[in-house]
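Please read the following briefing alongside the sequence and the coordinates.

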Amino acid sequence: FIFSLRLLGLGPAHLDGSQVEFIKIHLDRILPTLSYARGQKNNHWISEIAALFIGGVWLRNHHISRKKPYIEIAVKQLRLALKKLFNDDGSFAQSSFNYLRHALTLISIIKLESEVEGVDIKFDKNIEKTILLFREFSAFDGKQAHNWGANDGSDPLSLACSDFLDPSTHVMFYDYVFFRIKPDVNNNEILTSLIRVYEMNNSVLSIDFIRYLPTYNEIKIYPLGGEAFFRNESYQVLIRLPAFKFKPSQDDVGHFDVICKDGALIVDAGTFSYFLEKKIFEYYQGVRSHNTIYRRNDYYNMGKLSRFIFHSWSKGSWEKIDKSSFIFYFNNTHNDRFERTFYFGKNNLKIVDRVSTNKDVQIISGLNFSIYNDMFIGKHDSPLLLSDRVKFKSDSSLKLSKGEISRCYGESQEILRVEALINEGKNSFEVIFS
């Protein structure tokens, strides 16, 4: 509501009595529930802080009976949240591209309002690393991103108008807020209005942040967030490592995601948290919707305590073998040992999976392809010609089925699910780009 007034060119002085009362009611609702929001250790905490701060700033010069220290409480909570939710390497508490974007957008709004209204807030330099992490998710053309983690549809300013996974407008927004870089080309009406309004209000910024950009042909690891990235001229990869500083929301350790020049190729199914049907929820939250290693009959590699709570979190380690190869290990709840090695070539990506288990069970490498030619479902020999420019090869035979990924608000997209049996403890597969 307040931000809409700002975009209309209005400010705190334009509020009438009913609007003041409306804002106050909401702030008084937030205050007693802050401890709950803080306990969530996620985007909910940031959302409540943003509302409390901005509402407090807009009400501070209005006569209110029993005025409360909204701004002071919000600033104190913000400092605490930034420290608790953002790691020293820039990674965010929630393993999710969408909720990272949600948090950065709200923090950006807080920053703009603090500058216009003259409230001094110091942002930690780690925000530079967090914005870099967000850029790591963005693809070559900047118009798509890895569909990683919970994607329940939250986009506070609705900047991703055309495609939920399009991060381009958000990148331009953060560039403006933290580095005062205006976009050369901007067709987004909301961002255009936003920049115009804050320029008119003489928002003052001392530019003391460094604008980092992703690098090519380098394995970039965010150890505290459990993520690794690699990109070259042909493709880019996101890898989910066995590391948790906060409780996991999905069973995706060992997962990897690939975007090539033709678009998203090997994809995360996302996680829509509000599916009511148990089987659908288990699919999206568990291993069968992710590109990872698992026992054929299992839905999870970790144990479950409740709908949202896991126990026996996957443990493991990782290391760079050299500048173009990377290996990590992790265990499931059965204590099977899974190992995955990546070899990053100029026009190919090779992965070798190895398994050590004391049980006579079948172990699967499962992959979601969103680029694929029409082909029959069932058992299939290697290679698969996914498109005119992408080929997939595997040492073992393949089982093909149709699956789906969640994109936003429960919307789904059909994908090709490929399962490769890990025979005698090892299987290698390769994606070749031409």
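## Briefing

Ser-158 is placed in the loop between α7 (126-137) and α8 (168-179), where helices (H or I, at least four residues) and strands (E, at least two) are DSSP runs numbered from the N terminus. This is a predicted model, in which local features need pLDDT of at least 70 and side-chain atom pairs count only at pLDDT 80 or more, while totals for chains, interfaces and linings use all residues. Residues are numbered from 1 along each chain as its sequence is written, and side-chain values use heavy atoms, with hydrogens and water left out.

**Backbone features in loops**

- Although Ser-158 is not a glycine, its phi is positive, at about 55°, and with a relative accessible area of 42% the residue is partly exposed; buried here means under 20% relative accessible area, exposed over 50%, and partly exposed in between (1.4 Å probe, protein chains only).
- Asn-335, in the loop between β10 (325-331) and β11, likewise has a positive phi in a residue other than glycine, near 70°, and Asn-335 is exposed, with a relative accessible area of 55%.
- The peptide bond that joins Ser-382 and Pro-383 is cis, with omega about 5°, and Pro-383 is found in the loop between β14 (378-380) and β15.

**The open sheet**

- Seen in order, the strands β9-β10-β11-β12-β19-β16-β15 make up an open sheet of 7 strands with antiparallel pairing, two strands being counted as paired if DSSP finds at least two bridges between them.
- At the edges stand β9 (316-322) and β15 (384-385), each of which has a single partner strand, so one side of each is left without a neighbour in the sheet.
- Within this sheet order, strand β11 (residues 337-344) pairs with strand β12 (residues 348-356) in the antiparallel sense over 8 bridges, and Phe-342 stands opposite Ile-351 in β12.

- Strand β13 (residues 363-369) is mostly covered, with 7 of its 7 residues buried.
- Ile-363, Ser-365, Leu-367 and Phe-369 point one way from β13, whereas Ile-364, Gly-366 and Asn-368 point the other way, and all are buried.
- Strand β6 (residues 293-295) is joined to β13 by 3 bridges, and the two run antiparallel; in β13, Ile-364 is the bridge partner of Tyr-294.
- β13 also pairs with strand β18 (residues 411-421), in the antiparallel sense and over 6 bridges, and the bridge partner of Ser-365 in β18 is Ala-420.

**Salt bridges**

- A search of the whole structure finds 22 salt bridges, a salt bridge being a side-chain nitrogen of Lys or Arg within 4 Å of a carboxyl oxygen of Asp or Glu.
- One of them joins the side chains of Lys-122 and Asp-120 (3.8 Å, N to O), and both Lys-122 and Asp-120 are exposed.
- Glu-136 and Lys-220 form another salt bridge, with the closest N and O atoms 3.8 Å apart; because Glu-136 lies in helix α7 and Lys-220 in strand β1 (residues 220-222), the pair ties together parts that are 84 residues apart in sequence.
- In that pair, Glu-136 counts as buried at 5% relative accessibility, whereas Lys-220, at 24%, counts as partly exposed.
- Asp-175 forms a salt bridge with Arg-211, the closest N and O atoms lying 3.0 Å apart, and this pair links distant parts of the chain, with Asp-175 in helix α8 and Arg-211 in the loop between α9 (189-200) and β1, 36 residues apart.
- Asp-175 is buried, with a relative accessible area of 7%, while Arg-211 is partly exposed, with a relative accessible area of 35%.

**Positive surface patch**

- On the surface, Arg-38, Lys-41, Lys-76, Lys-83, Lys-84 and Lys-245 gather in a patch of positive charge, given that patches are made of residues with over 30% relative accessible area and no salt bridge, like charges being joined within 9 Å and nonpolar side chains (Val, Leu, Ile, Met, Phe, Trp, Tyr) within 5 Å.
- Helix α5 (residues 70-85) contributes the largest share of the positive patch, 3 residues, while Lys-41 is found in the loop between α3 (34-40) and α4 (43-59) and is partly exposed, with a relative accessible area of 44%.

**A residue of helix α4**

- Phe-53, placed in helix α4, counts as buried at 1% relative accessibility.
- Phe-53 and Pro-69 are 16 residues apart in sequence and 9.9 Å apart in space, C-alpha to C-alpha.

Terms used
Accessible areas come from the Shrake-Rupley method with a 1.4 Å probe; for residues, only the protein chains shown count as cover. Lys and Arg count as positive and Asp and Glu as negative; His and the chain ends are not counted. The place of a charge is taken as NZ of Lys, CZ of Arg, CG of Asp or CD of Glu.
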